[in-house]
Amino acid sequence: MHRLPTRHPRRVAVAGLAVAAVALAGCTPSPAEEPTGEPDPDATLRVGLVLEPGNLDIRHTSGAALEQILIDNVYEGLVTRDSLNEITPSLAEDYEVSPDGLTYTFTIPEGVTFHGGGELTASDVVASYNAVRNDESIIGHAQMAHVTAVDAPDERTVVLTLDQPDQNLLFSLTGPAGLVFDEGDETDLKTDANGTGPFTLENWTQGDGITLARFDDYWSDPAGVGSVEVSYIPDYTAGVNAALDGSLDVLTAVLPELSPQLDGQNGFTLARGKTTDKATLAFNNQRAPLDDARVREALRLAIDHDALVEAVGAGTTQFGPIPALDPGYEDLSDVVQFDPDRARQLLAEAGEENLSLTLTIPSFYGTTVSTYLVSAFNDIGVDLEVDPVEFPTWLQDVYTNKDYELSFVLHVEPRDFANWANPDYYFGYDSAEVQELYAEAMATVDPDDSAALLAQAARIVSEDHAADWLYTVETITALGTGVAGFPTDSTNSRIDLSAVTLATE
């Protein structure tokens, strides 16, 4: 049984793909300092973000931009996750999972109201979850595939029944699939919102920003500031300039190469944050010569991952498909190490000594990664042509049509190992053993046993050299004078603002 007596310390494009730039740098941000002065409960916190949603309908529109600002702030589910991806209760004051993993029972507290004035009951949860189960157009539909019934024995109890255990169900409920909406509410979710969170949506001006206001009737601890003004600044230099001219209290997603301009300037300190953003060099496993594991291994051996991380300026090495924040992570650096001599030998064995390949990369990622790869591959006799394309083109050609040889993109979604168990995904990786291990991991009730199976599957994927995981991204957040409690981990997918405070004069 998991019990939450009071509000817990709060936890944070095509889904799973980040629209973010990679830049050359070598900075070391100084640690964030605790502000002095008393927090002002009526302060307005000004935050700069990069990605703006095209609309606010989180039920029918996928993408990190919506989850980043709306989940935990405006909308809530029965459970949520903290910035290190640990599952914690939210609207459910407690929950229980049966020993066989087939029944989930949630208890709903009294006194929770929606921003529009309606009272939360179990019926709202049943209606919300059944909508996800029954409507393929609602985000999270596939994640509820093993839920066969959602019932409310009384106004404070919700029971989910499954046809088989689903290790990822609770985690899925921390995302859009698990959000609770007011049954029968007619709010136009594309432009407005009606949740139960600590903030209400006060205003959204497309192309500019979003304003959140503290919800005074919130069911738990009140938000630490009176309002939050979010400015969407897609140009990274413009974001730094806005911070330096006093327009922002916090700037997220600071590029490593620009961070020295902010570190220690005008009261700003920099904080590095962990993510599940996997900088993935994809190989088309179904297209020659990349259908030859020797060629794939040779390309991985040509890459000095430590040197690449140093060039990028913010990241950690990752040698397998599961990042450190996800279940099943294991250090797989023993699988492949920088060895250009061995790379040349493998290419010779494969009869590919004069190999030419094309790297298709979204143009917004800049040139640091592609420039490094051109040089590294040239050193083993591989001519790499770089084809920078607009993101919609990448989606059509690479993601949808699988018309590519090599590609690079950030996969930001946590717990997305399912991609490697899906031969129809754009990687084209097809391993019956991995698929069986993943299915077994998901149907295993004990989380430690499940993680062990995932680790086993991940090692196979890496040993098959199905791709190269160049690094795990680290984010850099600039925190202004007086800011405390701003999350710095996993901010590319979730930014919980409820516990942030701002000390003014």
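Helices (H or I, at least four residues) and strands (E, at least two) are DSSP runs, numbered from the N terminus. The structure is a predicted model, in which local features need pLDDT of at least 70 and side-chain atom pairs count only at pLDDT 80 or more, while totals for chains, interfaces and linings use all residues. Residues are numbered from 1 along each chain as its sequence is written, and side-chain values use heavy atoms, with hydrogens and water left out.

S490 is located in the loop that runs between β22 (483-484) and β23 (501-502). With a relative accessibility of 4%, S490 counts as buried (under 20% relative accessible area; exposed is over 50% and partly exposed in between, with a 1.4 Å probe and protein chains only). A distance of 8.1 Å separates the C-alpha atoms of S490 and T475, which are 15 residues apart along the chain.

Seven strands form an open sheet in the order β10-β11-β12-β3-β13-β21-β14, and the pairing is mixed (two strands pair if DSSP finds at least two bridges between them). At the edges of this sheet are β10 (199-205) and β14 (269-273), each of which pairs on one side only. Within the sheet, β3 (residues 44-49) pairs with β13 (residues 250-251) in the parallel sense, over two bridges. Opposite G48 stands L251 in β13.

The loop between β3 and α1 (64-70) contains D57. D57 is buried but has no salt bridge, and K190, the nearest side chain of opposite charge, is 6.0 Å away. A salt bridge is a side-chain nitrogen of Lys or Arg within 4 Å of a carboxyl oxygen of Asp or Glu; for charge, Lys and Arg count as positive and Asp and Glu as negative, whereas His and the chain ends are not counted. When its neighbours within four places in sequence are left aside, D57 is in contact with L66, L189 and K190 (heavy atoms within 4.5 Å).

Aromatic pairs were assigned to rings of Phe, Tyr and Trp (its six-membered ring) with centres within 6.5 Å; planes under 30 degrees apart count as stacked, over 60 as edge-to-face and the rest as tilted. By this rule there are 19 aromatic pairs. The rings of Y425 and F427 have centres 5.0 Å apart and planes at 70 degrees, so this pair is edge-to-face. Y426 and F427 form a tilted pair, at 4.6 Å centre to centre and 45 degrees between the planes. Y425 and F427 are both buried. The relative accessible area of F427 is 2%, and Y426, at 1% relative accessibility, also counts as buried.
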